[in-house]
Amino acid sequence: MPFRRFGRPGLLGLAARTAVVAGTASAVGGAVREHEERAAEDRAAEERVAAERAAAERAAAERSVADVPAAPDLLGELERLGRLRQQGLLSDDEFAAAKQRLIGG
C-alpha cells in the first residue's frame, strides 16, 4: 500500500505550487506591460492628432485673417478729400458725394 501523506504538501507539491504561482505572476506581469505599452501608444497617437488639428486650425485662422482686407483709414481719406477740395480739384458737390461714399451713407 502506497504511503499517503496528509497535511502539508511534500517537496514536489511545494515546487509545483511555486511554479504555478511564478508562471501566473509572469503571465499577468507581461499582460499588464503590454496593456501599458498599447495605452502609451494610443495616448501618443491622440496627442499627435490633437497637435495636427490645432496646427490646422491655427493655419485656417491665419489664412482667414490674411484674407480680410484692411479697413480703410477713414480719417486719412477724409483729410485727402479735404485737401483736394482746398486745391480746387474737387467741387463742393463732388466732395460731399465722396464723403458720403466713405462714411457709407
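The model is predicted. The chain holds three helices and zero strands. Read along the sequence, the pattern is α-α-α. Of the 105 residues in the chain, 5% are buried. The accessible surface of the chain comes to about 9300 Å². Carbon and sulfur atoms account for 58% of that surface.

Helix 1 runs over residues 11-67. Helix 2 covers residues 74-86. Helix 2 has 13 residues and spans 18 Å from its first C-alpha to its last. That span is close to the 18 Å expected at 1.5 Å a residue. Just after helix 2 comes G88, with a positive phi of about 85°. Helix 3 takes in residues 92-103. Helix 3 has 12 residues and reaches 16 Å from its first C-alpha to its last. Here too the span is close to the expected value, 16 Å at 1.5 Å a residue. Just after helix 3, G104 adopts a positive phi of about 95°.

The salt bridges come next. A search of the whole structure finds three of them. One joins E34 and R38, whose closest N and O atoms are 3.9 Å apart. That distance falls within the 4 Å cut-off for a salt bridge. Both E34 and R38 lie in helix 1. They are four residues apart, about one turn of the helix. In general, an α-helix has 3.6 residues a turn, so residues three or four places apart point the same way. E34 counts as partly exposed because its relative accessibility is 47%. R38 is also partly exposed, with a relative accessible area of 48%.

Another salt bridge links the side chains of R80 and E77, at 3.1 Å from N to O. Both residues sit in helix 2. R80 and E77 are three residues apart, so about one helical turn separates them. R80 has 37% relative accessibility and therefore counts as partly exposed. E77 is partly exposed as well, at 27% relative accessibility. Buried would mean under 20%.

The remaining pair is D92 and R85, with closest N and O atoms 3.1 Å apart. D92 is exposed because its relative accessible area is 54%, and the cut-off for exposed is over 50%. R85 counts as partly exposed, at 38% relative accessibility.

The surface also carries a patch of negative charge. E36, E37, E41, D42, E46 and E47 gather there. One of these residues, E37, has its place in helix 1. E37 counts as partly exposed because its relative accessibility is 47%. Patch residues must have over 30% relative accessible area and no salt bridge, so E37 at 47% clears the accessibility cut-off.

In brief, the predicted chain follows an α-α-α pattern. Its salt bridges include the E34 and R38 pair, the R80 and E77 pair, and the D92 and R85 pair. The negative patch includes E36 and E37.

Conventions. Residues numbered from 1 in each chain as written. Predicted model: local features only at pLDDT ≥ 70, side-chain atom pairs only at ≥ 80, totals over all residues. Heavy atoms only, no water. Patch = residues over 30% accessible without salt bridge, like charges linked within 9 Å, V, L, I, M, F, W, Y side chains within 5 Å. Areas by Shrake-Rupley, 256 points an atom, 1.4 Å probe, with all protein chains shown as cover. Lys, Arg positive; Asp, Glu negative; His and termini not counted. Charge placed at Lys NZ, Arg CZ, Asp CG, Glu CD. Helix = DSSP H or I, 4+ residues; strand = E, 2+ residues; numbered from the N terminus. Buried < 20%, exposed > 50% of the residue type's maximum accessible area, 1.4 Å probe, protein only. Expected span 1.5 Å × (residues − 1).
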